[in-house]
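Trainee: I would like to go through this structure one question at a time. Please show it first.

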Protein chains: 2
Amino acid sequence: MKRYKNGEIWDFELEMPVAESSKDVILGLDGGTTSTVCICMPIVPFSHSEPESLPTLARAVSGCSNHNSVGETAAKETLEQVMADALSKSGSNRSSVRAVCLAVSGVNHPTDQQRIMNWLRDIFPSHVRLYVQNDAVAALASGTMGKLHGCVLIAGTGSIAYGFTEDGKEARAAGAGPILGDWGSGYGISAQALTAVIKAHDGRGQNTMLTSSILHKLGLSSADELIGWTYADPSWARIAALVPVVVSCAEAGDEVANKILVDSVEELASCVKAVVQRLALCGEDGKGTFPLVMVGGVLEANRSWDIGKEVISCISKQYPGVFPIRPKVEPAVGAALLAWNFFMKESKRENSKS
Amino acid sequence: MKRYKNGEIWDFELEMPVAESSKDVILGLDGGTTSTVCICMPIVPFSHSEPESLPTLARAVSGCSNHNSVGETAAKETLEQVMADALSKSGSNRSSVRAVCLAVSGVNHPTDQQRIMNWLRDIFPSHVRLYVQNDAVAALASGTMGKLHGCVLIAGTGSIAYGFTEDGKEARAAGAGPILGDWGSGYGISAQALTAVIKAHDGRGQNTMLTSSILHKLGLSSADELIGWTYADPSWARIAALVPVVVSCAEAGDEVANKILVDSVEELASCVKAVVQRLALCGEDGKGTFPLVMVGGVLEANRSWDIGKEVISCISKQYPGVFPIRPKVEPAVGAALLAWNFFMKESKRENSKS
């Protein structure tokens, strides 16, 4: 196990005796661009179908762990700290851990997965089972209570659609960040709104209520000042926080804001449709049913202009069997359920061999 | 004048006697997102209409000085170093300087101008005349040989349209950077091409030749890897360097690449048209002539798919009096000519008063 020169992250292990009852635990992590959550659960039998019956031991929260946004060193430290916090709160330590499912945004390629896996290997004893996934996978599991089947659509600061078939095939769309066209995301919606304000100010775009609403929200007095505001801090979440302003303008009848939301609905629906088609989630005839787990601030907004509802309506025109699910537990719980399921499956297989 | 603890930037002044011939000089700077150029010229009479007759004393080059891209401290140091280099090369020092025109990208608001002005005041003696402008103003002057009249369109890594009337009114469009919709810029074209590759890979966009061309150019083996490549280094110029690949694909008949270029032509033309309209550069009837100075890698590309030519053709449909100019001197020379003109005008005015 990793030893630190400064040692502060895992220091609690030296001071705390581990209670017998909490011996075997699993960790589920949801690492996003805005925050990172870690859930610690005991390895005991329980009903997966009832969120109320989940035997959670501890929950810890930390900041951004997307390495594309904050860099690798900061992302690693955030993830390690939040795991240590969850173990410490639950009265466990690393020797109690049996499995870890780390679902983190910015995992886009097997090399990302391998890099994070190597680094986890350095922290935990070698018998601990490690699973590294894109954070979309945890979000899916949070809606299906640990079953990897169907599609998840996340639209928060970023956006991604991710799907799995029952026989283990997977596909994704979007999730490529703000430079690579995630226009349905909170960041995408807000950047388009800011652009509309600049264009109206330049005299090359329609006048829009977005101008006064956004300037008022940000405490600026002129559209010129938006440029300085935008580049003063490159955080994606800061830009994405303007989504409620765009929704309010669209609700008040502003055409420009309305078009931005209509476009983002199409964009988000097209991501889901691409995944459903590639995996044939609705069967050959397109009439089958599939669960669509909907996650993220953009889809949750309980407003009269309801982006999530419009996305479902757009998808169901092509795939009438879409079955939308709003998860009752958070994605980190989904990650913990995944770790639980993976661990149980592998244990069973090994027991049947021996 | 500023004294440095480490003193290295202006150290040459202590060692070098100033030659009598180079007593009165002006500095013109063009500070861009990719590089910064400083020109040193003597204050002697010369013909402004002939680029060959310009009495340039020295030219110095440095890196990016857009404070929105590299931050304020780095931008300031770059600008100060390049001025010191130009003075040192010309055998002058700060006491020879009569006027400085600093035309730098990222100057979008009077507060930007004031901040840079204050900082220049700290470097030069108080009698030196200082002019701070957006870099587009120097580009315009490079085409009009120092006269502030007409419109300039810059499309390099970034894009901006900037115009002046003969009686001193000014207007701009775009120049708001990649987050705020400069889609006609080199960065905008490249980001759209990268997005098209991701969309085709996801199965939610048309297949395109851009995929193989861009992956080959970047030495990557799969579209998944583009995400890591894109966010590994946030430099705008690095993304913008993909423009020639997009042009080649469009020339080879690729529909997706062609549409990206067609859209960027419209975007660039709309910026110019907005400026021309707001300033009434073509008179009330829209039939008057105006110079349009065209600057930047995106417009200079000497290719069969000629973005610059298409932009002019698009503008001339609405404003047939557009008179395109490809400058024969660089924007830093334009800045020096501006400093020269401003200085002469003010001197004349003061002489006539006294």
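Trainee: How many residues does the contact take from chain B and from chain A?
Mentor: This is a predicted model, and the count uses all residues. Contact here means heavy atoms within 4.5 Å. By that cut-off, chain A gives 37 residues and chain B gives 37 residues.

Trainee: Why do the copies meet through the same surface?
Mentor: Take the interface residues of chain B and look for them among the interface residues of chain A. The copies meet through the same surface because the share found in both is 100%.

Trainee: What kind of axis relates chain B to chain A?
Mentor: Chain B can be laid on chain A with an RMSD of 0.0 Å. The move is a turn of 180° with a shift of 0.0 Å along the axis. That relation is the one given by a two-fold axis.

Trainee: Which residue of chain B has the C-alpha nearest the axis?
Mentor: The C-alpha in question lies 4.3 Å from the axis. B:I179 is also one of the three residues named for buried area. The residue nearest the axis by its C-alpha is B:I179.

Trainee: Which helices each supply at least two residues of the lining of the largest pocket?
Mentor: The largest pocket holds about 1500 Å³ of space. Of its 37 lining residues, the closest to the centre are A:Q192, A:D263, B:W183, B:Q192 and B:D263. The helices, from both chains, are α6 (186–202) and α11 (255–279) of chain A and α6 (186–202) and α11 (255–279) of chain B.

Definitions and conventions
Residues are numbered from 1 along each chain as its sequence is written. Chains are lettered from A and ligands numbered from 1 in the order in which they are written. This is a predicted model: local features need pLDDT of at least 70, side-chain atom pairs count only at pLDDT 80 or more; totals for chains, interfaces and linings use all residues. Side-chain values use heavy atoms; hydrogens and water are left out. Copies are superposed by least squares on the C-alpha atoms of residues with pLDDT of at least 70 in both. On a 1 Å grid over the protein atoms alone, a cavity is a set of points where a 1.4 Å probe fits but cannot get out, and a pocket is an open set with protein on both sides within 12 Å along at least five of seven lines; lining residues have an atom within 4 Å of a point. Grid points are joined across faces, edges and corners, and a volume is the space filled by probe spheres set on the points. Helices (H or I, at least four residues) and strands (E, at least two) are DSSP runs, numbered from the N terminus. Buried area is the accessible area (1.4 Å probe) that two parts lose on being put together, summed over both.
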